[in-house]
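Here are some exercises to work through with the model open beside you. Try each task before reading its solution.

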Amino acid sequence: MKILIIEDEPEMLENMRQTLEREYYTVETASDYKKASTKIGVYDYDCVLLDITLPDGNGLELLKQLKQLGKDDGVIIVSAKDSLDDRIKGLNLGADDYLPKPFHMAELHARVKAIVRRRSFDGNKLIEIGNVSINPENRSVHINDKEVTLNRKEYDVLLYMISNKTRLVTKTALAEHVWGDHIDQADSFDFIYSQIKNLRKKLTDATATIEIEAVYGVGYKLQVV
Amino acid sequence: MKLLNHSTKYFALLLIVLISIWAVIFYFAMLDEVYDSLDDGLENQKELIIRAVKVDPDLLHDNEFGVNNYTIKRTEIDSHTKLKDSYRDTLMYMQNEDEYEPIRILESIFEQDGNHYKIKLITSMVEEDDQIENLFKYLVGLYLLLILSIVVLNNLVMKKVWKPFYTLIDRLKGFRIEKDDPIKQEPTDIVEFKLLNESVERLTEKSRDSYIAQKEFIENAAHELQTPLAIAINKLELLLEKNELSGLQTQEIGAVLDNLTRLTRLNKSLLLLSKIDNKQYLEEERLNVNTLVDSITNDFADFAEHRDMRINVNSSAAVSCMMNKDLAIIMISNFVKNAILHGETGKTVDICIEEHSVTIKNHGTNSALNSDNLFKRFKKSSADSRSTGLGLAISKAIADKYHLQLQYSFEGQHMFTLIFP
């Protein structure tokens with residue numbers, strides 16, 4: 001799995017590289033337009049993380065270049081300029097997703113995994129972890145080959161936790177992903193606990209070999225037992 | 001009081017004084033002229049009579065004012081008797097008027113055949129009271145006429161002259177610094193107005209420039225903060241991911257992350273506000289407010305449940321509105337969020353959708369909030385450190401953008417009402 005990060009801010013680049021490498025992806029980086037342009041011309045990537053504002057050019061031009069070369073690399077635009085204009089332009093030019101800065105690492109993983117999944121044409125679209133298998137197309141969950149019914153939020157929580165398995169996912173990141181950006185000012189994110197509790201119960205009842213553990217009131221972590 | 005009326009008032013006062021002084025002078029000048037003319041007439045008559053007496057001495061016996069307006073009486077003179085003519089005013093009974101009227105009398109002494117005779121000549125005088133009354137009447141007439149002409153002049157001429165001034169005032173009244181609507185000069189030949197126009201234009205341009213600069217500064221600052229915030233948050237998340245920390249350390253980092261997230265929210269809110277102000281949300285669609293409210297309450301159901309509250313939606317009419325969907329969601333979400341956040345646990349949040357209005361009600365502190373400050377930026381009603389103090393300000397900005405009315409009232413419950421046109 002090859003990922004290219006195009007980002008001019010060195011620290012930002014380093015953060016993204018570190019977190020993605022922990023997933024055993026092959027991560028390559030480019031810190032300006034020229035280097036990026038060369039790399040996308042020569043190699044194929046499963047996913048390109050593209051910063052729009054580069055010191056020597058506009059990231060959207062790189063996107064155009066990719067499409068002109070007939071490449072179908074998955075592209076996630078990462079931008080500090082959360083402008084609707086850029087988002088629409090980017091998506092119209094064929095980007096797969098748009099991730100405004102600042103974002104949570106957990107969110108980055110979820111987005112990258114979604115892209116990678118969508119692009120895996122080998123027929124195996126199922127996500128399998130322990131004895132849990134998820135089909136993202138029809139949002140069905142099977143544990144021990146038996147279907148388990150989850151409501152929308154439980155499903156979203158589970159998928160998000162699986163995308164970030166063995167990582168600590170903060171309550172904020174989880175709430176913003178599942179409940180949407182508009183929930184943000186809700187005083188604390190303790191309200192997500194009831195959904196987690198229900199999900200845990202369903203997982204235990206179906207004797208799943210994964211469990212969601214709470215971490216010191218900071219967040220949650222999904223572990224394979 | 002309008003400027004025109006103001007000047008008219010002073011004109012009126014000044015005219016009263018001027019005309020009164022003028023009337024006194026005029027009266028005495030005229031009276032003097034009248035006396036002069038009467039006295040000349042009397043003297044002429046005297047000469048005529050003295051001449052006639054020489055021809056016809058019988059006339060010397062006319063010693064009563066009868067048909068004649070003179071008397072002649074024989075008199076003795078001594079060294080003390082004045083021989084000069086003397087004019088006097090006196091009263092005499094007049095048949096026609098049936099009252100005493102003022103007359104002018106000339107007394108003189110002349111010599112005829114060695115005898116001295118005293119001749120008295122009278123003539124009817126101007127009636128002073130009538131004279132003053134007439135004068136007063138005419139002056140009042142003049143005064144009113146002058147005032148009338150001033151008012152007419154003001155209203156016709158002055159209004160025309162002052163037109164650039166009133167146009168400018170009208171423009172200033174409608175001037176909004178956040179709108180790109182500069183005050184254009186009204187062409188005028190009057191130097192003072194030209195100067196005023198130029199000064200106003202300069203002033204408004206300057207204020208607008210600094211307003212824009214300030215807005216851009218906030219926007220740029222917020223933009224520039226995004227990347228360092230992202231780096232800081234991600235670094236801490238990486239640290240947490242590594243699973244090398246003790247429980248206490250994890251909690252400390254969690255607390256730092258929470259605060260960075262708050263900072264991010266604040267920053268996003270500021271950016272959102274400047275985007276709304278800059279009219280960066282252009283796409284509009286016809287939104288069904290009912291479904292929007294339903295989906296938002298659904299999003300907040302878990303949060304409400306956590307606070308042991310229930311959200312009741314009561315729609316009795318379908319409301320729709322032409323606006324940007326993201327902004328509509330943000331606007332309504334902020335109200336719902338506030339209602340849950342500040343509502344009393346165990347109570348309900350009621351949302352009533354009626355013809356052209358949406359009302360969000362919640363129980364809470366048992367007194368009305370200060371509605372002056374409610375929608376201002378960074379005004380927090382509670383000491384809750386987690387709130388950015390921008391939520392209602394954002395909702396207000398969005399409502400203003402789409403010309404929706406936003407009202408707050410308190411009737412046992414806190415009620416926020418959005419009125420759709």
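Two strands pair if DSSP finds at least two bridges between them. Helices (H or I, at least four residues) and strands (E, at least two) are DSSP runs, numbered from the N terminus. The model is a predicted one, where local features need pLDDT of at least 70, side-chain atom pairs count only at pLDDT 80 or more, and totals for chains, interfaces and linings use all residues. Residues are numbered from 1 along each chain as its sequence is written, while chains are lettered from A and ligands numbered from 1 in the order in which they are written.

**Exercise 1. Trace the hairpin of E10(B) and E11(B).**

Step 1: Find the pairing. E10(B) and E11(B) run antiparallel and are joined by six bridges. One pair to look up is B:Gln405, which stands opposite B:Ile419 in E11(B).

Step 2: Look at the turn. Three residues lie between the two strands of this hairpin, and B:Gly412 in the turn has a positive phi of about 80 degrees.

**Exercise 2. Place the strands of the open sheet in order.**

Step 1: Write down the order. The five strands run E6-E8-E9-E11-E10 in chain B, with mixed pairing. At the edges are strand E6 (310-315) and strand E10 (405-410) of chain B, each pairing on one side only.

Step 2: From one strand to the next, the twist averages 15 degrees; axes here are lines fitted to C-alpha atoms, for helices over the stretch in contact, and angles run from 0 to 180 degrees between N-to-C directions.

Step 3: Go to E9 (residues 357-362) and E11 (residues 414-419) of chain B, an antiparallel pair joined by six bridges. Here B:Thr359 stands opposite B:Thr417 in E11(B).

Step 4: Residues are in contact if their C-beta atoms, placed from the backbone, lie within 7 Å.

Step 5: Sort the faces. In a regular strand, side chains alternate between the two faces of the sheet. The covered face of E11(B) has B:His414, B:Phe416 and B:Leu418, and the uncovered one has B:Met415, B:Thr417 and B:Ile419.

**Exercise 3. Which way do H3(B) and H4(B) run relative to each other, roughly parallel or roughly antiparallel?**

Step 1: Take the angle and distance. H3 (residues 191-241) and H4 (residues 247-277) of chain B pack at about 155 degrees, with axes 9 Å apart.

Step 2: Classify. Angles under 35 degrees count as roughly parallel, over 145 as roughly antiparallel, 65 to 115 as roughly perpendicular and the rest as oblique. The two helices are therefore roughly antiparallel.

Step 3: List residues that meet. Those in H3(B) include B:Ile218, B:Leu225 and B:Leu229, and those in H4(B) include B:Ile253, B:Leu260 and B:Leu263.

Step 4: Count by class. The contact has 16 nonpolar, five polar and three charged residues. Ala, Val, Leu, Ile, Met, Phe, Trp, Tyr, Cys and Pro count as nonpolar, Asp, Glu, Lys and Arg as charged, and the others, Gly among them, as polar.

**Exercise 4. Describe the contact of chain B with chain A.**

Step 1: Count residues. Chain B gives 38 and chain A gives 36.

Step 2: Assign them. The largest share of the chain B side, 13 residues, comes from H3(B).

Step 3: Classify them. The chain B side has twelve nonpolar, 16 polar and ten charged residues.

Conventions:
Buried ≥ 20, exposed ≤ 12 C-beta atoms within 10 Å, placed from the backbone. Contact = placed C-beta atoms within 7 Å.
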